[in-house]
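This briefing goes through a few elements of the structure shown below, grouped by topic. Please keep the display at hand while reading.

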Amino acid sequence: MSLCSKPLRLAVIGAGRLNIATGSHLPAIKKLSSVKLVALCDIREDGVKEQALQYGVPYYTDYEEVLENKEIDAVDICTPDHVHCEQIIKAAKYGKHVFCEKPFAISMQEAAAIKDAIKANNVTFMSGHHMRFTTMCRNIREAITEGTIGNVVFGKVIYKGAFFPYEKNSLYYKKASGGQFVHNGPHYVDKLFYLMGQTKAETTFSRTKSVYADKNDSMETANFTSVMLKFPNGATGYVEQNLTILNPRGYPTKEDILIVGTKGVIQWNTLDNAPVVKYLNGKVFISDPRPMMDVSDDPYASELNHFAECVFKGKSPETDIELSYNVLDVCLRAIA
Amino acid sequence: MKKSVENVMMAATLPNKNIVSVASKFKIKKEQQIPQILRVGVIGVGLRGNHSYEQTLNKDPQVKILAVSHYDSASEVLAENRAGKEYHKQYAKELSAEYYSDYRSVLSREDIDLIVLMCEPSKAFKLGKECIDAGKHVLRDKPATKNPEDSFELAEYAKQKGKMFLVALPLRFYPVLQDVRNSIRSGQIGDVTTINMGYIWTNGPLQGFTASQDYVDAFGGGDALSAGYHAVDYLNWIVNSKPVSVYAHMDTYFYKEYKELSIEDFGQISIQYENGVIANLITGRCTAKRAGINWLDISGTAGTIDVRDFRSNFESDPLVRLGHSIVEAAISKNYNDIATGYEAAMTGAILKYALRSSQTFSEQKVSIDWSVK
């Protein structure tokens with residue numbers, strides 16, 4: 001994945017505990033020649049030190065020191081959601097390109113401020129929406145862009161999973177994350193945007209529901225959200241995030257996608273062992289079952305490679321500030 | 001009685017039906033079955049598919065079809081033009097029934113218990129009343145009438161006259177969907193919290209079918225309302241609560257003439273019920289060349305149910321079950337699982353709210369005037 005004679009020098013902020021950075025981003029970066037990990041940062045010194053030793057890079061406990069380091073081209077922000085805004089804006093002011101895990105902000109005020117900072121400082125910004133980089137999504141989108149189902153008129157993405165309780169000081173509470181649909185909803189909204197080939201949508205209607213075994217488990221926000229969307233081209237969409245399954249405790253995550261076109265439909269769901277099934281002109285096309293993630297096809301590696309490519313080529317990433325802003329807008333309107 | 005959608009919503013929750021699983025019914029030994037025969041007349045013998053419910057009924061050993069007729073000369077001519085001069089007579093012969101050129105002759109036969117009324121919804125109210133006046137039970141296809149208010153009034157009229165106004169809605173008779181309903185009613189999954197249902201017909205646009213203003217006037221809508229009628233009835237049946245709010249997107253994607261007539265072929269309907277259940281439905285017809293696209297996801301406080309392709313997942317013919325349920329209702333007054341006119345009125349009303357929502361881009365609060373009844 002070499003894009004330039006020199007790789008993008010990247011520091012990961014928020015890498016001091018088991019999270020998206022240590023669990024997914026750092027292993028992905030190891031696979032890339034386009035990105036070189038040059039530093040780690042976290043306020044938890046013990047945790048970040050351990051990771052730094054493992055990856056053979058220096059570590060910081062103050063992210064502003066990372067920003068001051070001129071040997072660093074870009075930062076990958078994996079900190080709790082409520083500090084993203086401050087960190088992105090500061091990074092932009094230091095001229096760093098920014099990759100930030102979703103949600104990049106938890107309010108539209110934050111999102112607008114970030115948008116201004118990115119534009120004012122002319123840096124590349126990309127929000128982490130790794131699901132669009134999965135083989136499954138790429139296959140479906142490829143089938144659509146080839147015109148195999150005609151014009152896309154409707155799409156749905158449903159995510160259904162087990163309820164999980166929250167620890168007392170969890171960073172998933174509303175104050176720190178905006179709530180479940182702000183924290184996780186961007187995954188599914190972005191996925192639908194991508195599959196439909198759209199970058200914005202009107203939130204026409206939503207319903208929310210809170211289903212908790214115990215009030216103390218509540219994240220203070222609904223754990224069921226359904227939202228209807230209307231796209232600028234007249235197509236419509238439906239996104240549902242349902243994390244209310246209290247019983248059985250081990251209920252497996254289920255994802256269900258339906259894309260309806262004027263000439264056919266594409267269906268995909270996790271219950272069917274993840275093949276891509278196309279129903280076209282009276283024939284059924286079923287791909288080999290593929291896992292969503294594997295060593296050779298890591299969506300986190302793909303998205304970070306895309307980020308590096310955009311920085312080097314001065315291109316706008318697929319999930320740039322405009323798209324990320326629009327995705328967040330859908331999520332926040334859905335729970336308003 | 002004030003006629004309004006609101007009246008319909010209120011009354012539709014009233015029937016106190018005996019809830020018995022059809023699956024268990026079919027285990028009844030032959031000698032225990034009610035030995036009576038349901039004598040059937042058919043009004044409306046156009047060219048239809050598997051929704052010709054006289055054929056469904058004819059599969060039941062307790063049914064005897066005695067008479068058939070058209071409901072007017074126009075429909076008789078239309079059928080003859082499409083299928084030949086002797087089509088209707090041949091059809092009657094196939095059913096071992098007598099053919100009448102005037103439906104009133106069917107109604108005047110005292111040996112007929114139930115009329116299968118297969119006319120356009122816009123004509124169902126008037127003809128249905130005539131059937132009831134003639135002392136017959138009435139079985140309708142969906143939509144039972146063009147307007148839900150008419151379904152409600154017809155149900156009330158039938159009740160006053162001691163007759164039954166029944167509506168054939170086959171989804172209630174798919175074994176897997178009956179299992180789902182029984183699981184919910186028995187409390188197996190606790191309190192239902194949310195439902196996501198897909199009921200999408202395929203192979204559209206239908207070959208040889210052209211929508212016209214006459215069609216719109218007769219049926220009141222397009223494919224989202226038509227397929228949606230089945231699905232909304234099923235949702236009402238399993239949720240067993242009054243709707244309090246409806247929101248819908250209705251769109252026209254596949255039929256050029258639908259667009260010209262401003263009727264829909266695809267849609268999403270979201271229903272909030274009084275008991276807290278949220279039901280989201282995707283319905284209509286698309287062009288995919290395959291069997292219908294169906295799913296049902298139900299979340300409850302003590303469990304969850306995921307069903308895929310429920311129409312292809314059955315061990316016995318749902319229509320046979322449907323037919324037997326009609327027989328049981330008409331002979332032994334056991335409504336069992338068959339939809340009543342009240343329930344059809346409720347379904348029609350929800351779809352009316354859905355259409356209104358789609359036209360006004362606004363959530364429709366379902367208000368019920370409880371003092372009316």
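In which sense do strand β1 and strand β2 of chain A pair, and over how many bridges? In this predicted model, β1 (residues 8–13) and β2 (residues 35–41) of chain A pair in the parallel sense over six bridges.

**Sheet of chain A**

- The pair belongs to an open sheet of six strands in chain A, with parallel pairing and the order β3-β2-β1-β4-β5-β6.
- At the edges of this sheet stand β3 (59–60) and β6 (125–128) of chain A, each of which pairs on one side only.

**Helix packing in chain A**

- Helix α6 (residues 135–145) and helix α9 (residues 185–196) of chain A have axes that come within 8 Å and cross at roughly 30°; because angles under 35 degrees count as roughly parallel, α6(A) is roughly parallel to α9(A).
- On the side of α6(A), the contact is made by Cys137(A), Ile140(A), Arg141(A) and Ile144(A), while α9(A) contributes Lys191(A), Tyr194(A) and Leu195(A).
- The residues of this contact between α6(A) and α9(A) comprise five nonpolar and two charged, with no polar ones.

**Helix α8 of chain B**

- Helix α8 of chain B (residues 148–160) has 13 residues and reaches 18 Å from its first C-alpha to its last, which is close to the 18 Å expected at 1.5 Å a residue.
- The buried residues of α8(B) include Phe152(B), Leu154(B), Ala155(B) and Ala158(B), and also the charged residues Glu149(B), Asp150(B) and Glu153(B).
- After α8(B) comes Gly162(B), whose phi is positive, near 70°.

Notes:
Residues are numbered from 1 along each chain as its sequence is written. Chains are lettered from A and ligands numbered from 1 in the order in which they are written. This is a predicted model: local features need pLDDT of at least 70, side-chain atom pairs count only at pLDDT 80 or more; totals for chains, interfaces and linings use all residues. Helices (H or I, at least four residues) and strands (E, at least two) are DSSP runs, numbered from the N terminus. The expected span of a helix is 1.5 Å times one less than its number of residues. A residue is buried if 20 or more other C-beta atoms lie within 10 Å of its own, exposed if 12 or fewer, and partly exposed in between; C-beta atoms are placed from the backbone. Two strands pair if DSSP finds at least two bridges between them. Axes are lines fitted to C-alpha atoms, for helices over the stretch in contact, and angles run from 0 to 180 degrees between N-to-C directions. Angles under 35 degrees count as roughly parallel, over 145 as roughly antiparallel, 65 to 115 as roughly perpendicular and the rest as oblique. Two residues are in contact if their C-beta atoms, placed from the backbone, lie within 7 Å.
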